[in-house]
Protein chains: 2
Amino acid sequence: MKDTILKFLKGADYISGEDLSKRLGISRTAVWKHVQSLKEQGYDIKSMPRKGYKLEGIPDLLDPVLIFEKLNTRFMGNKIYHHEAITSTNNKAKEIAEAGAPEGTVVLAEKQLQGRGRLGRTWESPAGGIWMSVILRPNIPPAKAHNITLVAACAVAKTLRQYNIPARIKWPNDILLNGKKVCGILTELKAEMDGVHYLVLGIGMNVNTEKEMYPPELKDKVSSLKIYTGQNLDRVELLCSFLKNLEEQYEIFLNEGVGKILETWKQHNITLNNHVQVRSGNEVYSGLAVNIDKNGGLIVKDENGNSKTFYSGEVTLQG
Amino acid sequence: MKDTILKFLKGADYISGEDLSKRLGISRTAVWKHVQSLKEQGYDIKSMPRKGYKLEGIPDLLDPVLIFEKLNTRFMGNKIYHHEAITSTNNKAKEIAEAGAPEGTVVLAEKQLQGRGRLGRTWESPAGGIWMSVILRPNIPPAKAHNITLVAACAVAKTLRQYNIPARIKWPNDILLNGKKVCGILTELKAEMDGVHYLVLGIGMNVNTEKEMYPPELKDKVSSLKIYTGQNLDRVELLCSFLKNLEEQYEIFLNEGVGKILETWKQHNITLNNHVQVRSGNEVYSGLAVNIDKNGGLIVKDENGNSKTFYSGEVTLQG
């Protein structure tokens with residue numbers, strides 16, 4: 001009902017309470033109550049004696065109503081769950097995926113209280129970022145699940161390029177700006193050997209977050225689009241661009257295989273042809289990052305000419 | 001309590017109800033009730049006026065008490081959940097894995113009511129087989145989860161060889177005898193890209209099942225160890241041998257990598273160097289099975305010399 005009232009408000013200059021009450025089939029008191037609740041959420045709604053209600057300002061929220069107005073995807077984001085605050089969008093997404101949520105379902109949160117990153121780390125998720133999880137159900141074996149992480153990294157990089165932000169992908173899936181992390185991807189999956197049941201793509205983008213929102217030990221490692229560009233970005237627009245790019249890259253992967261994705265990934269990456277140190281489990285391996293294989297594994301060649309392929313681990317670029 | 005009474009009965013020729021009541025700190029009526037319940041489960045327990053109870057026969061059950069007597073593993077099977085009947089041991093295992101069950105935990109059932117096979121098929125699970133699931137928590141990325149299926153197939157093949165049963169592995173994980181399936185493996189997992197959270201190894205072994213237990217359409221495709229050898233096998237002993245072999249192969253994999261596992265798999269396989277047809281999704285591909293790669297993918301070379309690697313699919317051997 002709140003969403004419908006918003007649509008009417010956005011579609012008219014002024015609309016009277018009586019008019020809304022008739023069109024929605026609810027009492028004028030009910031209309032008034034919904035308008036109050038919208039105001040509490042940050043919508044700037046004026047009421048003028050004979051004219052009625054007027055929407056004068058929209059809060060900076062990833063509100064599904066605002067998203068659906070701009071989103072032009074086929075299925076990505078068809079269903080959106082939006083939360084003011086949540087422990088972790090990935091946890092919520094796994095819960096609804098278990099219950100059968102369709103491919104393309106998106107969980108959004110303004111804040112994550114226990115945002116998670118790779119390797120069991122926490123992910124700082126204050127207000128101003130885009131903290132989201134997308135449910136996918138690709139017909140692929142778990143051995144190829146890495147490919148989806150590459151798909152997502154490509155979609156992020158392509159989106160930021162459309163904003164003239166020269167982001168680069170650090171293997172496997174960190175997005176860096178000037179060497180600092182602005183986006184991370186945490187992919188979780190449930191599968192049997194013959195196929196993935198579902199995959200949850202957790203994406204955290206530091207959009208309008210500010211320097212002082214991060215703990216001191218992260219200040220040299222983390223950045224945001226606002227810190228980089230010096231201005232606030234329209235998060236709804238950015239999200240819609242990302243979902244469009246994600247759908248495109250995902251469909252390229254499904255229809256044409258991983259080849260083109262690898263090309264795109266390589267175009268935007270900052271890992272290959274660099275000396276790297278890879279920590280994987282207890283192992284530390286150093287060498288030249290020479291390529292990624294078709295499953296997304298990083299191939300590193302050491303000084304003796306031996307090469308090793310990594311499917312997980314933490315890469316440090318050594319220039 | 002039942003298990004403790006069983007241990008006392010097995011440890012003595014005769015043991016009196018009074019003795020049991022003292023040792024267990026329960027009333028003689030309680031002892032009598034437990035003995036009745038054991039009898040109902042098929043334990044042949046005689047009671048002689050002044051001598052007491054005597055255990056004369058043990059039912060053919062995968063009873064943890066009997067298993068723990070013979071099991072000599074380090075951790076595989078340390079915790080056993082035994083069910084008379086259950087929908088699916090894999091479902092139960094996933095449930096307890098979610099709740100934190102440790103590596104090596106085993107779920108057993110005398111019968112599965114909704115036993116599942118690969119590719120969404122049902123798995124006939126009448127009384128007489130070994131229907132089990134093992135929880136593993138290897139520190140590997142999902143791209144390598146296939147390796148664990150190879151580990152399990154090797155453990156089954158090795159166990160059957162110890163019984164002089166010349167079982168062969170059909171890629172990826174069916175165990176055949178004279179071309180008919182006697183064992184199947186259904187591996188399910190929950191993971192993120194950097195590591196598997198848990199992996200459930202579902203293993204169905206047609207041990208003492210009889211021809212007439214299978215529907216007509218399966219008669220040419222399915223066999224059992226009893227059908228092959230003409231005699232009943234001791235399921236408890238077979239299970240213990242399997243768990244020992246599984247632990248060994250698993251530790252070889254963890255400590256030395258997949259190399260030795262691939263060697264063992266190749267020794268026992270019936271797929272390589274055969275012409276095969278692979279159905280994977282909508283695709284049907286024919287050619288010579290030339291090798292498996294280090295992630296367990298099957299490499300098939302077609303008549304034009306092109307080769308393709310499969311990580312899932314259904315193989316038909318064409319001789």
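**A salt bridge and its surroundings**

In this predicted model, R118(A) and D194(B) join their side chains in a salt bridge, with 2.6 Å from N to O; the term stands for a side-chain nitrogen of Lys or Arg within 4 Å of a carboxyl oxygen of Asp or Glu. Residues are numbered from 1 along each chain as its sequence is written, and chains are lettered from A and ligands numbered from 1 in the order in which they are written. Local features need pLDDT of at least 70 and side-chain atom pairs count only at pLDDT 80 or more, while totals for chains, interfaces and linings use all residues, and side-chain values use heavy atoms, with hydrogens and water left out.

Between chain B and chain A the count is 2 salt bridges. In the interface, 27 residues of chain B are in contact with 28 residues of chain A, where contact means heavy atoms within 4.5 Å. The two chains bury about 2,400 Å² between them, 56% of it on carbon and sulfur atoms, buried area being the accessible area (1.4 Å probe) lost by both parts when they are put together. On the side of chain B, the residues that lose the most area to chain A are M193(B), D194(B) and Y311(B), together 29% of what that side buries, and D194(B) is also the partner of R118(A) in the salt bridge described above.

Over all chains, the count comes to 40 salt bridges. One of them lies within chain A, where R74(A) pairs with E251(A) and the closest N and O atoms are 2.4 Å apart. This pair links distant parts of the chain, 177 residues apart, since R74(A) is in the loop between α4 (64–70) and β3 (80–86) while E251(A) is in helix α8; helices (H or I, at least four residues) and strands (E, at least two) are DSSP runs numbered from the N terminus.

Helix α8 (residues 235–256) of chain A packs in turn with α6(A), at an angle of about 135 degrees and with the axes 8 Å apart.

How values were computed: Axes fitted to C-alpha atoms, helices over the stretch in contact; angles between N-to-C directions.
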